[in-house]
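The following note sets out numbered points on the structure shown below. Each point keeps to one region or one question.

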Amino acid sequence: MFGGAYAEPLAVASIILAAVALFLALQNRQMLWKYMEPIIDELTPSALTRKRTKRVKRYLLVKAVCSEGSTARQLAEDLSKGLQLAMGLAHRTRCEVSLISFRRDAGKAIIRVVGDGNCVKEVLLTLSIQHLLLGGCILVPLKTSGLLSRLRKALH
Amino acid sequence: MRGNMYVGSLTCDEVARYLHLDEEATVVGVDAKQLVTCENVEELLALGREIVLVPRTITSFGDVSKAPTLGREAVVGLAPLSVESARRLAKISAPIIVVMDVTTIRFVDKAQVNYMRQSPARKFLEVHLGGFVERIGDPKAANLNRDLHNLGNVIERALKLGVGVVVSSAAPSLSKILLTTHLDIVLLYMGFTKRERRLMLELYPLELVKLWINTLRA
């Protein structure tokens, strides 16, 4: 049907059309990607498998062998210093450690640890090596419990 | 009831204070030279609980040393000075304790544990945890992570193959002592289960003492 005279412009026109279509498709794909990306990002396996960390609260009963005249404030300072030295500053964002009570006559103290599951392990390690790092009291972790009342019995 | 096979070269008074501090320690290894100078050993033992004091000596083992044994006056722990001496220790057909501390960890590796397993006599690994723990607080100490990783692997291998592993806090002074509870916690942090920790802290020390007493009788 189409003679030789029409063939050449048709071919040129189709090439141009194809190029425009390809360009549009690519541009569309980019726009599509722009909208899809955040959705895909949210649905990737990494997001699905990310653990929602549980906040665990634990109480530690500790035997504290200190030099004469050491106070609770001093012990708490030593504790935070040792934690910072052993675990670093970033550790404080994950775990919260506080000294609850300290009985100098009995040589015992109760420490509260709040944070994810690994916190207790890390704090226990810090407690047991802190006299090597700072040279203060020797702390011996005796008991771990989730209830403060149980440890209070052991303290008195 | 736990064992700390070598508390370090503490004097007699310091050992007494250590025994007061550590309420769970039953088998306690004391430096033999210090134990001889003790005047009142009975006082050490009269704490209202059963305590076994084991005389210990830690010596380094080179290539020219004479035939090593478990020892008669004291339980001898041998720290190899090179890979060759470590392998030689593994091949001798007598019960022997190989010391693993910060310096000898380079020679005592997984292959060493395999050789110790192949030996006909009972072999023990003695881990001096004090040096490793002290390096945690030393920012200049290099290769801490690598050494702890290797240490964990070697202990794991030894436990798997049934080679005895004994843990001790070889502390330079009383202020840097590690009690048995602390040893337990460090091992927990390294990832050992309750059963493995009980093996290392309770069962193998008793077995070692029993073996030593049997060799004395023979």
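1. Strand neighbours of E6(B). Which strands pair with E6(B)? Strand E5 (residues 96-100) of chain B is joined to E6(B) by five bridges, and the two run parallel. Within this pair, B:Met100 is placed opposite B:Val127.

2. Confidence. For chain B the mean pLDDT is 89, and 99% of the residues score at least 70. Strand E6 (residues 123-128) of chain B has the highest confidence in the chain, at 94. The lowest is found in helix H3 (residues 41-45) of chain B, with a mean of 74. Where pLDDT is low, predicted coordinates should not be read in detail. For the model, the ipTM is 0.85 and the pTM is 0.81.

3. B:Gly152. This glycine belongs to helix H7 (residues 144-161) of chain B. Is B:Gly152 buried or exposed? Its relative accessibility is 14%, and because burial is set at under 20%, B:Gly152 counts as buried. Apart from neighbours within four places in sequence, B:Gly152 has contacts with B:Met190 and B:Phe192. The C-alpha atom of B:Gly152 is separated by 18 Å from that of B:Ile97, which is 55 residues away along the chain.

4. The sheet of chain A. Four strands of chain A make an open sheet in the order E2-E3-E1-E4, with antiparallel pairing. Its edges are strand E2 (96-103) and strand E4 (138-145) of chain A, each of which pairs on one side only. From one strand to the next, the twist averages 25°. Strand E1 (residues 56-65) and strand E3 (residues 108-115) of chain A are paired over eight bridges, and A:Val56 stands opposite A:Gly115 in E3(A). Helix H6 (residues 148-155) of chain A lies across E1, E2, E3 and E4 of chain A, and runs at about 165° to E3(A).

5. The interface. How many residues does each chain bring to the contact? Chain B contributes 19 residues and chain A contributes 16 residues. Between them the two chains bury about 1,500 Å², of which 76% is on carbon and sulfur atoms. Of the area that chain B buries against chain A, 35% comes from B:His182, B:Ile185 and B:Tyr189, more than from any other three residues.

6. B:His182. This histidine, one of those three interface residues, sits in helix H8 (residues 180-189) of chain B. With a relative accessibility of 0%, B:His182 counts as buried. Leaving out residues up to four places away in sequence, B:His182 touches A:Ser128, A:His131, A:Ile138, A:Leu139, A:Val140 and A:Pro141. Among these partners, A:Ile138, A:Leu139, A:Val140 and A:Pro141 fall within edge strand E4 (138-145) of chain A.

Methods:
Residues are numbered from 1 along each chain as its sequence is written. Chains are lettered from A and ligands numbered from 1 in the order in which they are written. This is a predicted model: local features need pLDDT of at least 70, side-chain atom pairs count only at pLDDT 80 or more; totals for chains, interfaces and linings use all residues. Side-chain values use heavy atoms; hydrogens and water are left out. Two strands pair if DSSP finds at least two bridges between them. Axes are lines fitted to C-alpha atoms, for helices over the stretch in contact, and angles run from 0 to 180 degrees between N-to-C directions. Contact means heavy atoms within 4.5 Å. pLDDT is the predictor's confidence in each residue, from 0 to 100. Buried means under 20% relative accessible area, exposed over 50%, partly exposed in between (1.4 Å probe, protein chains only). Buried area is the accessible area (1.4 Å probe) that two parts lose on being put together, summed over both.
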